[in-house]
Amino acid sequence: MAAVSKRFIVFFLWVFVSAAAAEESAMLINPQQEDEIINLAYTQMQGSFEALENKIEQCRILAKNNTLPPTLFKSLPLTEQEMRVILGHFKSLTQEKCEDMGLWAKLAMEFAQFKHIEKYYKGKNTIETAVNFETICCISSEGRFEEKWNYLKIAPEIREKLERIPELQQPFDFIKTAEIMGLF
Amino acid sequence: MTTCPDISMLLFSPPGKVAINKIRQIQRTSKLLSTILGVSPLLEIFVGNGALGGAYNISKKDWGTWANAMRVAPNVKSRRIEDVARRYLVDNLSLRGKEQTFWIAVAHGCR
């Protein structure tokens with residue numbers, strides 16, 4: 001009976017020591033392994049960055065080759081400033097649809113994760129990135145909301161008509177369009 | 001109109017300076033841009049840290065350099081810069097003359 005108890009105690013201790021050692025080895029990551037994890041996060045973020053870069057370029061080409069007709073708003077009672085607001089709003093809207101806002105959001109999340117992971121392991125951020133987080137997520141977002149806000153001030157029945165105009169559903173060249181409409 | 005204009009004695013309005021500060025925030029990490037822009041006044045305007053003081057003379061050549069800088073910059077950055085310039089143009093109906101020409105050139109590049 002005593003021998004059985006002794007074996008049980010030894011087994012119990014072995015289980016305890018093994019479990020503790022396994023936990024310790026899972027937590028202890030050497031600097032090389034840390035670098036590998038940081039690199040993994042960086043590579044993932046960089047992949048999303050390149051996907052977005054390519055998408056922006058494709059949409060830019062589409063927009064460059066599309067100037068809207070100068071008579072587009074002729075039948076609508078709009079002021080010069082309303083026309084500018086409408087063009088600005090639809091420029092942003094079509095650009096966002098074309099580029100896919102999901103790609104921007106994915107990059108923002110992976111960028112933040114990469115910076116967090118680097119800081120977690122190394123205590124600070126030292127790896128340089130081509131852009132900063134503010135640029136990806138936020139700079140000019142206040143302008144985008146002001147743009148939407150101004151657009152929503154236009155009468156609903158006019159907005160309804162505008163939203164059905166096929167030309168306003170594709171990326172277009174804002175400057176050239178505004179120029180031929182005589183808005184600049 | 002040309003989107004690559006000569007502009008002389010350009011003075012920025014207070015809202016224009018706000019827009020320039022937004023572009024400076026975007027450019028903050030760009031050493032490459034500083035190298036490309038060299039001695040162009042556009043370097044002082046868009047990459048500098050100091051206050052925008054006097055009148056600026058910007059030549060067609062400066063805009064050409066700017067266009068090159070935008071070509072090598074990440075699209076994420078140049079897209080945000082275009083956004084700032086375009087929204088500034090939309091929001092400022094009274095904007096005319098040199099400052100308007102300047103922001104059209106920034107929004108459209110010199111392409």
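Read along the sequence, chain A follows the pattern α-α-α-α-α-α-α-α, which comes to eight helices and zero strands. Helices (H or I, at least four residues) and strands (E, at least two) are DSSP runs, numbered from the N terminus. This is a predicted model, in which local features need pLDDT of at least 70, side-chain atom pairs count only at pLDDT 80 or more, and totals for chains, interfaces and linings use all residues. Residues are numbered from 1 along each chain as its sequence is written, while chains are lettered from A and ligands numbered from 1 in the order in which they are written.

Of the 184 residues in chain A, 21% are buried (20 or more other C-beta atoms within 10 Å of the residue's own; exposed means 12 or fewer, partly exposed in between; C-beta atoms are placed from the backbone). Among contacts in chain A with a separation of 6 or more, 91% join residues 24 or more positions apart (a contact puts two C-beta atoms, placed from the backbone, within 7 Å).

Helix H4 of chain A covers residues 101-122. Its span from first C-alpha to last is close to the expected one, which is 1.5 Å times one less than the number of residues.

| Span of H4(A) | Value |
|---|---|
| First C-alpha to last | 32 Å |
| Expected at 1.5 Å a residue | 32 Å |

Buried in H4(A) are A:Leu107, A:Glu110, A:Phe111, A:Phe114 and A:Glu118. Seen down the axis, these buried residues fall within an arc of 110°, so they line one face of the helix; the arc is that of the directions from the helix axis to the C-beta atoms. Their cover includes helix H2 (31-64) and helix H5 (133-137) of chain A. The face turned away from the buried side carries the exposed residues A:Met101, A:Gly102, A:His116 and A:Tyr120. After H4(A) comes A:Gly123, with a positive phi near 85°.
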